[in-house]
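Subject: Structure handover

Hello,

Here is the structure I promised to pass on. Please open it and keep it beside this email as you read.

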Amino acid sequence: MARAHGKVILFGEHAVVYGVPAIAVGISAGANARAFSAAVASISIGDFRARAGDGSELALALEALLAALGAPPYALEVELELPAGAGLGASAALGVAIARAVLEAVGEPPAEARVLPAAAAWEGVFHGSASGIDAAAAFHGGCLWYSRADGARRLEPGAELSLAIALAGPPAPTRSMVESVARLKSRRPEVVDKALAGIRALVDNARLSLEAGDRRSLGQLMDLNHMILSGLFVSTEGIETACRLAREAGALGAKLTGAGGGGAVVALVEDDAEPVLAAWRAAELRCFAARVMPGAGDS
Ligand code: PMV
């Protein structure tokens, strides 16, 4: 069975679109895939089924992935451990797990140079052209520094990170949230430029805190990053409530993660995520814990 990780962006979403670096971590929840030889390519994910030629997005994505690998048809059986479309990298995790399963089945090593282009072909069907941070995190796990200019580079956290993740409302499409920041930038360039400069400074500081294993300052930097994102109007009442509940339950910091407008919130905790999860469950939010170990990347 082949696996891949989901991800959360710890710092720098939205700013990354304008060339600022971002920090993302792979989480253990992700996707599993198995490939079986077949006359016609097909895929089943829970209740969703698709066959090559049926014109569905899922079928088109599978066809694009197999074409990128130059592979014959396979029947894919896939499990997804993440909510789709919530900013947790579900589609990239699927693409990477499926590409790995197909390469395993054809007897080829699942090298990054083969898997990532196939995952990009898969993601392209769902998202247009994706920045690549999700697929890199899905492939490597661990902690990544990412910029549009330089791609992904591994970071080594100096301490284990214990995270709590909640879904703070129905997710908004990433594309529309990115467009809303672009509109604000064209109307009020000075506001957005200041925000981008602020995020750049705190992403740099976050890298130092992460490598030093200083969770307290990482938490404070997450709060600051969230404040700046709220100033860009990508937060919602639901996200603000989830962040407040996490902080009141002892989180070191909390912020929206991904595109905002709904979707996921991530909180950093000292060690035990349970008090934050309990506060969220009491507010009827879907949530789970995730850990990032020092040196825990896969490759
Ligand atoms: O939708 P997600 O969680 O993959 O995050 C989008 C992150 C943005 O910075 C808002 C957009 C992007 O392409 O990087």
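Predicted model: local features only at pLDDT ≥ 70, side-chain atom pairs only at ≥ 80, totals over all residues.

Residues are numbered from 1 along each chain as its sequence is written, and side-chain values use heavy atoms, with hydrogens and water left out.

Start with α2, residues 90-106. Helices here are DSSP runs of H or I with at least four residues, strands are runs of E with at least two, and both are numbered from the N terminus. α2 has 17 residues and spans 24 Å from its first C-alpha to its last. That is close to the expected 24 Å at 1.5 Å a residue (the expected span is 1.5 Å times one less than the number of residues). Is α2 mostly covered or mostly open? It is mostly covered, with 14 of its 17 residues buried (buried is under 20% relative accessible area, exposed is over 50%, partly exposed is in between, with a 1.4 Å probe and protein chains only).

**Helix pairs**

Two packed helices are described by the angle between their axes and the distance between the axes. Axes are lines fitted to C-alpha atoms, for helices over the stretch in contact, and angles run from 0 to 180 degrees between N-to-C directions.

Take α3 (residues 112-127) and α4 (residues 133-140). Their axes come within 10 Å and cross at roughly 135°. The two are therefore oblique to each other (under 35 degrees is roughly parallel, over 145 roughly antiparallel, 65 to 115 roughly perpendicular, the rest oblique). The crossing of α3 and α4 is right-handed (the near helix is turned clockwise from the far one by less than a right angle; anticlockwise is left-handed). Which residues of α3 and α4 meet? E112, V115, L116, A119 and E123 of α3 meet D134, A135, A136, F139 and H140 of α4 (contact means heavy atoms within 4.5 Å). By class, that contact has six nonpolar, one polar and three charged residues (Ala, Val, Leu, Ile, Met, Phe, Trp, Tyr, Cys and Pro are nonpolar, Asp, Glu, Lys and Arg are charged, and the others, Gly among them, are polar).

Next, α6 (residues 189-212) and α7. Their axes come within 10 Å and cross at roughly 165°. That makes α6 roughly antiparallel to α7. The crossing is left-handed. The contact includes A195, G198 and I199 of α6, and S217, L218 and L221 of α7. By class, it has nine nonpolar, five polar and no charged residues.

Last, α8 and α9. Their axes come within 8 Å and cross at roughly 140°. That makes α8 oblique to α9. This crossing is right-handed. A242, L245 and A246 of α8 meet V276, A279 and W280 of α9. By class, the contact has six nonpolar, no polar and no charged residues.

**Two loop residues**

Most residues other than glycine have a negative phi. F233 has a positive phi, near 65°. F233 sits in the loop between α7 (215-231) and α8 (237-248). At 63% relative accessibility, F233 counts as exposed.

E284 also has a positive phi, near 65°. Its loop runs between α9 (274-282) and β11 (286-292). E284 is exposed, at 73% relative accessible area.

Best wishes
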